Amino acid sequence: MSKHDELLVDVATVVESGQSNQMSLTVVTGGAVITGRLAPEAVWRRRVSEVLTDSARLGEFSAVFETPAKEDGPPTHLHFHVARILQGTVGIPETGGMYRVAIDEVSAWTVGDFSYSDR
């Protein structure tokens, strides 16, 4: 999108202000469909840092995510956790991952998350 979707910015602002991780959202960005729950940036950074700290090969990168988020102005990114990229009949990864998506790059979105079932 060449201009932010103000409604999406408002959703992100509420997530940030309430420190909630219960808002489910599905977005289309760069042709990919990402579905999951939004988290406040500080919570997202902390979780990514924890995952990296536990990694034998990537531990040195954990400090990058410990830097506090800048709080000047409205949110510019969505921070997904327990999220999947939808591809065909499967969500990748199955257990959910951590994704950061620029709000300006979202071309479509809907409230709620999608999952597949073989039943």
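**Figure 1. Pairing of β1 with β2 in the predicted model.** Strands β1 and β2 pair in the antiparallel sense, with 6 bridges between them. The structure shown is a predicted model. The two strands form a hairpin, and 2 residues lie between them. In the turn, G30 has a positive phi of about 60°. T29 has A32 of β2 as its bridge partner.

**Figure 2. Strand β1 and its pairing with β5.** β1 is also joined to strand β5 (residues 106-111), by 5 bridges, and these strands run antiparallel. V28 stands opposite A108 of β5. Strand β1 is mostly covered, with 5 of its 6 residues buried.

**Figure 3. The largest nonpolar core.** This core has 16 residues, of which L25, V27, I34, L38, L78 and F80 touch the most other members. Two or more residues each come from α1 (6-18), β1 (24-29), β2 (32-38), β3 (77-87) and β4 (90-102). The element that gives the most to the core is α1, with 5 residues.

**Figure 4. Surroundings of L78.** Residues up to four places away in sequence are not counted in this view. L78 touches L8, A12, L25, V27 and L38, and also Y99, R100, V101, I103 and V106. Among these contacts, L25, V27 and L38 are, like L78 itself, named with the core residues that touch the most other members.

**Figure 5. R45 in helix α2.** R45 lies in helix α2, which spans residues 41-53. R45 counts as buried because its relative accessibility is 17%, and buried means under 20%. Leaving aside neighbours within four places in sequence, R45 is in contact with V64, F65, T67, A69 and R100. R100 is also touched by L78.

**Figure 6. The whole chain, for orientation.** The secondary structure comes to 3 helices and 5 strands, and from the N terminus on the elements run α-β-β-α-α-β-β-β. The radius of gyration is 15 Å, close to the 14 Å that the globule rule gives for 119 residues, so the chain is as compact as a globular protein of that length. Taken along the principal axes, the C-alpha atoms fill a box of roughly 40 × 35 × 25 Å. Of the 119 residues, 31% count as buried. Among contacts with a separation of 6 or more, 61% are between residues 24 or more positions apart. The chain exposes about 7,500 Å², and carbon and sulfur atoms supply 53% of this area.

Technical notes: Residues are numbered from 1 along each chain as its sequence is written. This is a predicted model: local features need pLDDT of at least 70, side-chain atom pairs count only at pLDDT 80 or more; totals for chains, interfaces and linings use all residues. Side-chain values use heavy atoms; hydrogens and water are left out. Helices (H or I, at least four residues) and strands (E, at least two) are DSSP runs, numbered from the N terminus. Buried means under 20% relative accessible area, exposed over 50%, partly exposed in between (1.4 Å probe, protein chains only). Contact means heavy atoms within 4.5 Å. A nonpolar core is a set of buried Ala, Val, Leu, Ile, Met, Phe, Trp, Tyr and Cys residues joined through side-chain atoms within 4.5 Å. Two strands pair if DSSP finds at least two bridges between them. The radius of gyration is taken over C-alpha atoms; the globule rule is 2.2 Å times the number of residues to the power 0.38. Accessible areas come from the Shrake-Rupley method with a 1.4 Å probe; for residues, only the protein chains shown count as cover.
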